[in-house]
Amino acid sequence: MKDLEFANKVYPLTYIADSELIQTVVTEECTKFNKDAVDMGLEKTANGFVVLEGENGVVVDEAAAVEAVKKYIEEQFTGADATIEIPVMIDKPQGSKEELAKVKDVLGTFKTSFKSSAANRSKNVSTGAGHINGTVLYPGETFSTYEHVTPFSEKNGYAMAGSYLNGKTVESLGGGICQVSSTLYNAVLMAELEVVERSPHSMLVSYVQESADAAIAGTYKDFKFKNNSDAPIYIEGYTTSDKQVVFTIYGQETRPANRKI
């Protein structure tokens with residue numbers, strides 16, 4: 001105590017980084033700036049397909065970011081504010097003009113009628129087909145109908161209409177979406193792509209033959225299929241003025257011309 005009357009006593013501080021806490025901060029605060037790559041796509045026009053350029057994505061290199069923060073704290077930190085550059089990785093988009101140029105043949109097409117549907121159900125069928133239209137699926141990728149048509153909300157273009165639930169008809173947002181998935185299912189069968197998941201309804205439906213339906217219900221009934229071909233595929237979906245919903249799958253035809261499905 002007497003010494004302190006004549007001179008200060010300096011205690012040098014050693015900073016130790018908490019790696020777990022740094023990892024938490026990086027995950028919660030830095031990865032929100034991740035940007036997914038936009039794969040190269042296609043747009044169908046009256047003159048054929050037009051290739052749409054993709055965009056690079058950016059992904060935070062979490063392991064390198066943690067090390068950068070840890071190194072700064074242990075070697076340079078003085079207690080003052082500072083900026084640390086966070087390393088990122090470039091996420092390259094899928095596709096090339098050469099690969100997408102293979103998409104030119106009709107692999108499968110199917111249509112169903114919703115002429116007896118009221119305005120709300122007709123709106124839902126049109127909305128669902130529109131959400132799927134223009135999808136490009138690369139070789140090996142799996143398509144989920146549920147992921148493409150949800151959320152079932154007014155903001156996403158849906159209205160209240162009849163749907164099946166446990167053997168009963170109830171009103172729900174998006175009622176009629178199963179006609180969309182069932183029509184797509186039959187187009188996939190014509191294209192001979194790999195069906196990954198398909199479920200029947202709890203009751204018969206009128207717009208396709210028995211066993212040709214594909215129900216959508218929550219997350220426990222979905223229609224999924226895989227592009228098991230060697231080229232990308234393009235899914236076209238639309239409704240007509242005479243209340244038909246149509247799906248056509250384009251890709252590279254490799255089957256014999258006389259093949260029947």
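At what angle do helix 1 and helix 2 pack, and how far apart are their axes? Helix 1 (residues 19-30) and helix 2 (residues 62-75) pack at an angle of about 125°, and their axes are 9 Å apart, which means that helix 1 is oblique to helix 2. This is a predicted model, in which local features need pLDDT of at least 70 and side-chain atom pairs count only at pLDDT 80 or more, whereas totals for chains, interfaces and linings use all residues. Residues are numbered from 1 along each chain as its sequence is written, and side-chain values use heavy atoms, with hydrogens and water left out.

**The helix pair**

- In the contact (heavy atoms within 4.5 Å), S19, I22, Q23, V26 and T27 of helix 1 meet E62, A65, V66, V69, K70 and I73 of helix 2.
- By class, the contact of helix 1 with helix 2 has six nonpolar, three polar and two charged residues.

**Salt bridges**

- The structure holds 10 salt bridges, each being a side-chain nitrogen of Lys or Arg within 4 Å of a carboxyl oxygen of Asp or Glu.
- One of them joins K35 to E55, with the closest N and O atoms 3.6 Å apart.
- This pair links distant parts of the chain, 20 residues apart, since K35 is in the loop between helix 1 and strand 1 (41-45) and E55 is in the loop between strand 2 (48-52) and strand 3 (57-60).
- K35 is partly exposed, with a relative accessible area of 43%, where partly exposed lies between buried (under 20%) and exposed (over 50%), using a 1.4 Å probe and protein chains only.

Definitions and conventions:
Axes are lines fitted to C-alpha atoms, for helices over the stretch in contact, and angles run from 0 to 180 degrees between N-to-C directions. Helices (H or I, at least four residues) and strands (E, at least two) are DSSP runs, numbered from the N terminus. Angles under 35 degrees count as roughly parallel, over 145 as roughly antiparallel, 65 to 115 as roughly perpendicular and the rest as oblique. Ala, Val, Leu, Ile, Met, Phe, Trp, Tyr, Cys and Pro count as nonpolar, Asp, Glu, Lys and Arg as charged, and the others, Gly among them, as polar.
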